[in-house]
Amino acid sequence: MKLVSFELAGKAGYGAVRENGIVDLGRRFGSDAPTLRALLEIDGLAAARRVVEESAADFALADVKLLPVIPNPDKIICVGLNYHDHLAETGRTQTEKPVLFARWPGSQVGHGVDMVRPKISSDFDFEGEMAVIIGKRGRHISRADALSYVAGYSAYNDGSVRDWQKHTSQFLPGKTFAGTGAFGPWLVTTDDIPDPTRLTLETRLNGQVVQHTTTNLMITDIPALIEYCSTILPLEPGDVLVTGTPGGVGAKRTPPLWMKPGDVVEVEISQIGVLRNSIADEV
């Protein structure tokens, strides 16, 4: 099942994609689950699946503006330096524990919406990644149980403002400018992706392949990330773990390859789909 958050006629909603249309789940669940995050909070995926199987699409996918898959997560936890080839190109050494930083919800846009290059910098870089969306609350989750806490997977572009990222040893300033990250196009539930280690991830800039990897090459895999992060604080339904980018980022090329207005960047993950965004300057 593919689940999206969207805006239609100025009103936010969510639903399931079916044959290029959307079954409006927000209308059907009403106040019990007004958002996709709320649907996860009431453990509503099974009920949603039954509704989708029994319903025709309410409107076309093309009629809506897609929002970030979870527009209002409690937290977005990003993982840095989680592929060996990216670690090597940065010249850093591998740490014993995963490198974590945060993004704010307001720094994201959805599929098909412009990613924003900020006025203050032209060093705007791509980072294709896989996102993990948590489906139920958990604390001190064991590695063995970790995948049972996952609702599904999506694609993510952790657009990075590199000069601001380098201001200090902390990554956050370059990672959370407004409109610089992209999240989508949808959440694919775990029944359609039982093994997240067997996926191919590819980033393309104006049709040129700039990153390519398979998800089994993560240094810290998804169960270990869930175990580690849930030890720090409880993971909540709708929380997003952005699992790291492979090698090939623009900052480490000669000359650097920055995203600029008019460019089109795509992050494609097998069994999930293509997250596509154009680049625009901040107004």
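Predicted model: local features only at pLDDT ≥ 70, side-chain atom pairs only at ≥ 80, totals over all residues.
**Pro246 and its surroundings**
- With a relative accessibility of 0%, Pro246 counts as buried, because the cut-off for that label is under 20%.
- His86 is 160 residues away from Pro246 in sequence, yet their C-alpha atoms are 5.1 Å apart in space.
- Leaving aside residues up to four places away in sequence, Pro246 touches Tyr83, Asp85, His86, Glu89, Gly128, Leu201, Gln211 and Thr213.

**Asn82 and its surroundings**
- Asn82 also counts as buried, at 2% relative accessibility.
- Its side chain reaches the backbone nitrogen of Thr220 at 2.8 Å.
- Beyond residues up to four places away in sequence, the contacts of Asn82 include Leu217, Met218, Ile219 and Leu225.
- Thr243 and Gly244 are also among the residues that Asn82 touches.

**Strand β12 and its partners**
- Strand β11 (residues 128–134) pairs with β12 in the antiparallel sense, over seven bridges.
- Within that pairing, Ile133 has Gly152 of β12 as its bridge partner.
- Strand β14 (residues 181–189) also runs antiparallel to β12, joined to it by five bridges.
- Here Tyr156 stands opposite Phe183 in β14.

Notes:
Residues numbered from 1 in each chain as written. Heavy atoms only, no water. Pairing = 2+ DSSP bridges. Helix = DSSP H or I, 4+ residues; strand = E, 2+ residues; numbered from the N terminus. Buried < 20%, exposed > 50% of the residue type's maximum accessible area, 1.4 Å probe, protein only. Polar contact = N/O pair within 3.5 Å; in protein donor to acceptor, adjacent residues only side chain to side chain. Contact = heavy atoms within 4.5 Å.
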